[in-house]
Amino acid sequence: VKLAAKTRLSRNKYAGTFLASYTVRTVVYSSLSTLLDFAYVVVNGVTAIRYHSVWYYALAAYYFALMVIRLFVILCAGQGLKKYGSESRAFDERKLNIYLISGVALLLLEASLSGVITLMIALPKETQTGFVLAIANAAYTFTRVILAIVNKVKSGKRQEPVTQALRNLNLTDALVSLFSLQITLSAAVGGDLPLQMNGLVGFAVCFFTACLGIYMIFDGVRRKKKVGRLAASSARSAEPSAPEDALSHPEKS
């Protein structure tokens, strides 16, 4: 039944592309995942307004920025696929550019988050929340962590730039969600966790994701140089050999 359904769906242009390309499937699933991000941004925004919490304002802004970065990756990849085709060299270069820009954006985003955590430690203020938000935060966090692990296992050792960028963004999302869950649960039970502990965990998450962003930048630059060398080598090998033919066959000249 599965084979028959796959064969029938493959006859359709869009369904066939979806089934054949792991990158396309990743982009589609990430698009659906963005809706979940938007809902979480709304929840944190409402909580920030309800409790006048700077932390939840910052968290809503952080997830909104992360959602924008994910949308940038999805839209640019889709536009490149439509414009160049999945097997073109121009599309490969576009994907590497997306990967590189995502690393830069991730690094800047984590620098902003570290500033918010520093402010939270320097100007301590009790964070208020409710059990409804704690439950919603826990559900979102466990969903994100499970999806990040499953997708990482599925992707394996694939060196596909767009897929790697989306997987790294999902991993960052999961780690920050764990940190946010710690803050929320601590506030829900009366702030039993020391502020220094929250700051330590927060800076650890920022450090790891900042290293991830730096790695993406250096890896993107290295792979772009490699693609450039391969393109130059292909161009030299494709040059006409007419002068050599003229020298080896002077009577034809």
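Which residues is tyrosine 62 in contact with, leaving aside its neighbours within four places in sequence? They are Leu109, Glu110, Leu113, Thr172 and Val176, where contact means heavy atoms within 4.5 Å. The structure is a predicted model, in which local features need pLDDT of at least 70 and side-chain atom pairs count only at pLDDT 80 or more, while totals for chains, interfaces and linings use all residues. Residues are numbered from 1 along each chain as its sequence is written, and side-chain values use heavy atoms, with hydrogens and water left out.

**Confidence**

- The predictor's confidence in each residue is given as pLDDT, on a scale from 0 to 100.
- Over the protein chain the mean pLDDT is 77, and 77% of the residues reach 70 or more.
- Confidence is highest in helix α4, at a mean of 85, and lowest in helix α9 (residues 242–248), at a mean of 49.

**Overall architecture**

- The protein chain contains nine helices and zero strands; helices (H or I, at least four residues) and strands (E, at least two) are DSSP runs, numbered from the N terminus.
- Read from the N terminus on, the order of elements is α-α-α-α-α-α-α-α-α.
- Among the contacts in the protein chain with a separation of 6 or more, 78% join residues 24 or more positions apart.
- Of the 253 residues of the protein chain, 41% count as buried; buried means under 20% relative accessible area, exposed over 50%, and partly exposed in between (1.4 Å probe, protein chains only).
- The protein chain exposes about 14,800 Å², of which carbon and sulfur atoms supply 68%; accessible areas come from the Shrake-Rupley method with a 1.4 Å probe, and for residues only the protein chains shown count as cover.

**The largest nonpolar core**

- A nonpolar core is a set of buried Ala, Val, Leu, Ile, Met, Phe, Trp, Tyr and Cys residues joined through side-chain atoms within 4.5 Å.
- The largest such core has 34 residues, and Tyr62, Tyr63, Val162 and Val176 touch the most other members.
- At least two residues of this core come from each of α3 (22–51), α4 (54–84), α5 (89–122), α6 (131–155), α7 (161–188) and α8 (195–237).
- Helix α4 gives the most to this core, with eleven residues.
- Tyrosine 62 lies in helix α4 and counts as buried, because its relative accessibility is 4%.
- The C-alpha atoms of tyrosine 62 and serine 112 are separated by 8.5 Å, although these residues are 50 positions apart along the chain.

- The 31 residues of α4 should span 45 Å at 1.5 Å a residue, the expected span being 1.5 Å times one less than the number of residues; the end C-alpha atoms are 45 Å apart, which agrees.
- Glycine 80 is found in helix α4 and is buried, with a relative accessible area of 0%.
- Leaving aside neighbours within four places in sequence, glycine 80 is in contact with Gly85, Phe91 and Arg94.
- Glycine 80 and phenylalanine 91 are eleven residues apart in sequence, and their C-alpha atoms are 5.8 Å apart in space.
- Glycine 85 follows α4 and has a positive phi, near 95 degrees.

- Alanine 111 lies in helix α5 and is partly exposed, with a relative accessible area of 46%.
- Between alanine 111 and threonine 209, which are 98 residues apart along the chain, the C-alpha separation is 9.7 Å.
- Isoleucine 149 lies in helix α6 and counts as exposed, because its relative accessibility is 51%.
- Between isoleucine 149 and asparagine 170, which are 21 residues apart along the chain, the C-alpha separation is 9.5 Å.

**Cysteines**

- The structure holds zero disulfides, a disulfide being a pair of cysteine sulfur atoms within 2.5 Å.
- Cysteine 76 counts as buried, at 18% relative accessibility.
- Cysteine 211 is partly exposed, with a relative accessible area of 34%.
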